[in-house]
Amino acid sequence: MNRICELLEIEVPVLEGGLAYVGNGLLAAAVSNGGGFGQVGSAGRTPENFENEILVASEATNNPFGVNIPISQHTDFSPYLEIIKKHRELIKAVSLGAGNPKNLVPYLKDNGLLVLILTSTAIHSVKAEKLGADVIVCEGYEAGGSNGPSELTTFTLVPQVKQAVSIPVIAAGGIVDGRSMAAALILGADGVQMGTRFVATEECEAHTHFKEEILAAKDDSTMIMTRMLKGPLRVLKNEYAEQVYESEKITPTLENVLPRVRGTYNKLAMLDGDLKGGFMSCGQVASLIEEIDSAETVVKRIAGEARRILAKAQALF
């Protein structure tokens, strides 16, 4: 049996990324109802809203789901940890990224939760395993949002991480359909995680304007907005992102750039629909997304496609 499916008690090894601001409870439930593993995102949410979305997810699915904590996105994440502890019977796993997870892993495991740690290099993956991670989610910089400073692609990252650790490995970045899922599995991944694809779903609370921009995207419609803040930030091209990019070239200082890429500007475009006033985190796979579907349908279709492709590939040799 697939190690991820066995560990998370799911049908297919398809995970939903944390999705700052738009990783809501109904979306997490729909992914889990499709046989995958949905996650409620905490980034951009108050503790009260985070708790509410966990309860929404638990009401909408009987299948396992998890939550995501991007460490650097919270000045004080203790309230979120208390909520996770309070509802630990509802939550199967917690994924951690965007910061050092060292102090969080023991707390989560003591509360009976599985821990997934997001990495962008094989070296960090080894460290995560030593910390007690149950799963590595290794993300190439094709992915939307903040990525690792090494800028390794998923195609090169996955086999190196797989070689370096013994625990299950999830591939993220550039995964959007059965073809990319099959490719990740052939590279050695035990499963895949998707973000952008799940934004373009019926259950995701992202603004319609943002979803429409994803559907209209071409192969060169994303860009790296800044590389000076611990790593690249991949977004959809728009006037705001271009302004930030040009401003960074002229004045490459934290004082100039950091205020322009705060989460409030991410929320303004992604959740509120003001595409001129903010930026939209988005992966390079956006050009391959052609319709808005239920997340449950997306999971089932992609898993089915991957099975057929892998069976066909086996028949070629």
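Let me begin with strand β2, residues 38–41: G38 and V40 point one way, Q39 and G41 point the other way, and all are buried. Buried here means under 20% relative accessible area, exposed means over 50%, and partly exposed lies in between, with a 1.4 Å probe and protein chains only. Strands are DSSP runs of E with at least two residues, helices are runs of H or I with at least four, and both are numbered from the N terminus.

A word on the model itself. It is a predicted one, in which local features need pLDDT of at least 70 and side-chain atom pairs count only at pLDDT 80 or more, while totals for chains, interfaces and linings use all residues. Residues are numbered from 1 along each chain as its sequence is written, and side-chain values use heavy atoms, with hydrogens and water left out.

I return to β2. With strand β3, residues 65–70, β2 pairs in the parallel sense over four bridges; two strands count as paired if DSSP finds at least two bridges between them. Within this pairing, G41 stands opposite N68 in β3.

Where does β2 sit in its sheet? The sheet is an open one of eight strands, in the order β1-β9-β8-β6-β5-β4-β3-β2, with parallel pairing. Its edge strands are β1 (14–16) and β2, each of which pairs on one side only. From one strand to the next, the twist averages 30 degrees. For such angles, axes are lines fitted to C-alpha atoms, for helices over the stretch in contact, and the angles run from 0 to 180 degrees between N-to-C directions.

Further along this order, strand β5 (residues 114–119) and strand β6 (residues 135–139) pair in the parallel sense over four bridges. T119 has C138 as its bridge partner in β6. Also in β5 is L116. Is L116 buried or exposed? L116 counts as buried because its relative accessibility is 1%. Leaving out residues up to four places away in sequence, L116 touches L15, A93, V94, S95, L96, V135 and V137, where contact means heavy atoms within 4.5 Å. By contrast, L116 and L258 lie 28 Å apart in space, C-alpha to C-alpha, and 142 residues apart in sequence.

L19 has a positive phi of about 55 degrees although it is not a glycine. Y21, likewise a residue other than glycine, has a positive phi near 75 degrees. L19 counts as buried because its relative accessibility is 17%, and Y21 counts as buried because its value is 13%.

Helix α2 covers residues 25–33 and contains S32. S32 has a relative accessible area of 1% and is therefore buried. Apart from residues up to four places away in sequence, S32 touches F37, G38, T61, N63, P64 and F65.

The model also has an open sheet of three strands, in the order β7-β11-β10, with antiparallel pairing. Here β7 (145–146) and β10 (222–224) are the edge strands, each pairing on one side only. β7 pairs with strand β11, residues 233–236, in the antiparallel sense over two bridges. S146 has L233 in β11 as its bridge partner. Helix α11 (residues 239–250) packs on this sheet and touches β10 and β11, and its direction makes about 25 degrees with that of β10.

P259 counts as partly exposed because its relative accessibility is 34%. Its contacts, leaving aside neighbours within four places in sequence, are L254 and Y265.

A pocket is found on a 1 Å grid over the protein atoms alone, as an open set of points where a 1.4 Å probe fits, with protein on both sides within 12 Å along at least five of seven lines; lining residues have an atom within 4 Å of a point.

Which helix supplies the largest share of the lining? That helix is α14, with three residues. Both α8 (178–186) and α14 (295–315) supply at least two residues each. The lining includes D177, R179, R197, E290, E291, R301 and E305. By class, the lining has four nonpolar, one polar and seven charged residues. In this scheme, Ala, Val, Leu, Ile, Met, Phe, Trp, Tyr, Cys and Pro count as nonpolar, Asp, Glu, Lys and Arg as charged, and the others, Gly among them, as polar.
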